[in-house]
Amino acid sequence: MTTPSTGALSLSADLAELFQKSARLEGFKFLGLSDLTWGIEAKPASTHSSVQEPLPLVFQNDPFAELARQQGQIKTVVIPVGAEAHLFEKGPDSTLGLQWVNQVWHVQVQEKATLEMVLFQDTAEFAKEAVQAFHRIYFSLAKDATLNLTLVQQGSEKGQVRCHVDCVGEGASAQIHGLTVGRKSQRQDLWVDVHHTVPHTQSHLTAFAVVQDQAHSIFNGQLNIEPGAFFTEAFQKNKNLILSDRASVDTFPKLLIANSEVKCGHGSTVSSLDPEQLMYLQSRGIDQAEAQQMVRTGFMKQAIDWIKNTETREAVELALGLRIEGGDVNDF
Amino acid sequence: MSAPLFEIKDLHVEVEGKKVLNGVNLTVAAGEVHAVMGRNGTGKTTLAYTLMGHPRYHVLSGKIFLQGEEITALSPEERARKRLFLAFQYPVAIPGVTVASFLRASLKAVRAGNNGDLQPTQLRAVIKEEMKKLNIPDAFMTRSLNEGFSGGEKKRLETLQLRLLQPKMAVLDETDSGLDIDALKIVSENLQSYRSPERGMLVITHYQRMLNYIKPDVVHVFGGGKILKTGGAELALKLEEQGYDWIMQ
């Protein structure tokens with residue numbers, strides 16, 4: 001395998017082959033490589049026999065992650081007209097001993113295409129939490145394109161996800177959920193910026209954060225409704241659960257509306273564990289520690305339950321401690 | 001002579017610095033159903049929460065006994081495991097926690113070692129059978145606990161829990177509120193059929209309508225944080241006709 005140098009990187013054919021294998025690229029076309037950049041394109045729905053099922057693309061063992069050591073990456077994804085795709089990015093890989101990760105995604109969802117994407121910024125398995133992870137994601141949604149996006153953060157000493165969604169085609173819609181889990185002295189930021197530039201587009205953003213110890217979480221959400229974006233529906237909510245006296249959150253839900261023919265809303269809540277919820281569970285024989293865990297787990301699952309792809313959802317739940325091997329806490 | 005099933009002795013309680021209960025005395029023998037009626041704001045719900053051990057309600061003096069054992073200082077979960085049950089007037093929603101996972105955790109906590117450890121398949125069969133009796137659809141199980149539930153759905157779920165957890169002593173805090181006529185009939189019949197010579201119930205209500213299904217052995221009138229009058233089932237009928245003024249005078 002190619003060893004990254006500190007200078008300009010040259011991505012060799014064998015690395016490209018490795019990438020194709022690990023990324024389960026069936027149904028996708030490789031766009032080519034340049035320094036620190038690669039891309040893929042999902043094949044059109046009509047050319048893929050199993051288009052009814054979302055196309056899986058799993059970067060869990062991303063060979064390019066090694067290249068990102070002390071470097072950065074730019075990834076480009078195109079979901080073509082009418083295609084349906086599922087993307088799951090989880091990392092950085094804890095076995096590579098990264099200290100600093102910087103990734104940039106450009107995702108283009110073309111007309112009538114559907115993308116479910118889960119970005120899981122997860123460094124929880126590191127022994128020393130000196131990892132700093134930064135993800136930037138830019139989405140462009142064409143006419144009648146659909147995005148179901150889940151952004152999850154856990155484990156970094158400093159973690160930041162900045163997401164920018166452009167609804168540039170009429171009928172485009174974005175469903176966005178965020179979950180930030182802060183422990184120890186971690187500091188995590190989630191920025192979501194949605195731009196509605198044409199009429200009849202929708203976005204629904206709900207971000208959850210649960211912080212304990214001395215962790216600090218920041219939510220910065222902004223909905224921008226342009227002058228010509230009539231009949232936009234755009235909503236954002238930020239819900240925060242604080243589990244210790246020294247943990248803290250900052251929340252900035254913002255709406256910038258430049259026309260009057262819209263339905264919009266925004267709001268934030270910050271709370272600790274609700275004693276009435278605990279009382280209810282305890283009155284059913286559940287001890288206090290388990291009751292606290294159930295309320296916390298339930299809070300987090302509100303973000304995760306929206307992931308439609310079962311395999312991905314279970315992987316995320318497992319990594320967050322919401323699931324035990326062999327059974328969901330909610331299985332019945 | 002054996003101890004009564006449930007006993008409250010001279011109970012004085014304050015909540016957030018305000019004295020609400022002023023010396024409640026009440027004894028429920030095994031097999032009995034007692035109704036507690038009274039105007040709004042007289043302390044009925046405070047009594048219910050105090051009996052279950054809600055930490056917001058402070059017992060200033062007095063004692064509570066279940067099957068002869070004092071439970072006044074026990075935590076809510078300890079009381080539940082000793083088979084005391086409270087059907088809440090306003091069951092709280094817990095988003096993200098499904099009814100199924102909640103029932104499983106609760107049954108595991110209360111019934112394990114009490115009524116034999118049921119295997120998961122047996123447990124599922126028992127729950128489904130009880131759900132059928134209460135007209136609760138299977139889809140209920142995957143919903144978040146009490147979130148977005150109608151008043152009727154909440155009370156059905158409370159009743160389902162009572163039947164599954166099989167308490168010795170059940171306190172029902174206005175279980176008839178928020179129910180339409182059909183739901184009232186289903187819930188009340190399921191509560192009535194739960195009666196047995198070994199079990200007791202304390203039914204807090206404003207109306208006679210549920211007592212038409214669950215005939216009380218004893219009716220207490222509550223006022224000013226204590227019991228003002230005690231009588232038989234006919235007392236509830238008289239209250240329905242004449243109101244509370246004649247007692248207050």
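**Close-up views of a two-chain predicted model**

**View 1. The contact between chain B and chain A.** The contact takes 25 residues from chain B and 22 residues from chain A, where two residues are in contact if their C-beta atoms, placed from the backbone, lie within 7 Å. On the side of chain B that touches chain A, the elements giving two or more residues are α2 (76–81), β7 (94–98) and α3 (99–111) of chain B, and α3(B) gives the most, with seven residues. Helices (H or I, at least four residues) and strands (E, at least two) are DSSP runs, numbered from the N terminus. By class, this side of chain B has 15 nonpolar, seven polar and three charged residues; Ala, Val, Leu, Ile, Met, Phe, Trp, Tyr, Cys and Pro count as nonpolar, Asp, Glu, Lys and Arg as charged, and the others, Gly among them, as polar.

This is a predicted model, in which local features need pLDDT of at least 70 and side-chain atom pairs count only at pLDDT 80 or more, while totals for chains, interfaces and linings use all residues. Residues are numbered from 1 along each chain as its sequence is written, and chains are lettered from A and ligands numbered from 1 in the order in which they are written.

**View 2. Helix α1 of chain B.** Eight of the nine residues of α1(B) (residues 44–52) are buried, so this helix is largely enclosed by the rest of the structure. A residue is buried if 20 or more other C-beta atoms lie within 10 Å of its own, exposed if 12 or fewer, and partly exposed in between. The buried residues of α1(B) include B:K44, B:T46, B:Y49 and B:M52, and the helix is followed by B:G53, whose phi is positive, near 90 degrees.

**View 3. An open sheet in chain B.** Four strands form an open sheet in the order β2-β1-β4-β5 (chain B), with antiparallel pairing; two strands pair if DSSP finds at least two bridges between them. Because β2 (18–28) and β5 (69–70) of chain B stand at the edges, each with a single partner strand, one side of each is left without a neighbour in the sheet. Two bridges join β4 (residues 57–66) of chain B to β5(B), and B:L66 stands opposite B:E69 in β5(B).

**View 4. The surroundings of A:V109.** In the largest nonpolar core, which has 137 residues, A:V109 and A:L141 touch the most other members; such a core is a set of buried Ala, Val, Leu, Ile, Met, Phe, Trp, Tyr and Cys residues joined through C-beta atoms within 7 Å. Leaving aside its neighbours within four places in sequence, A:V109 is in contact with residues including A:I79, A:F139, A:L141 and A:L147.
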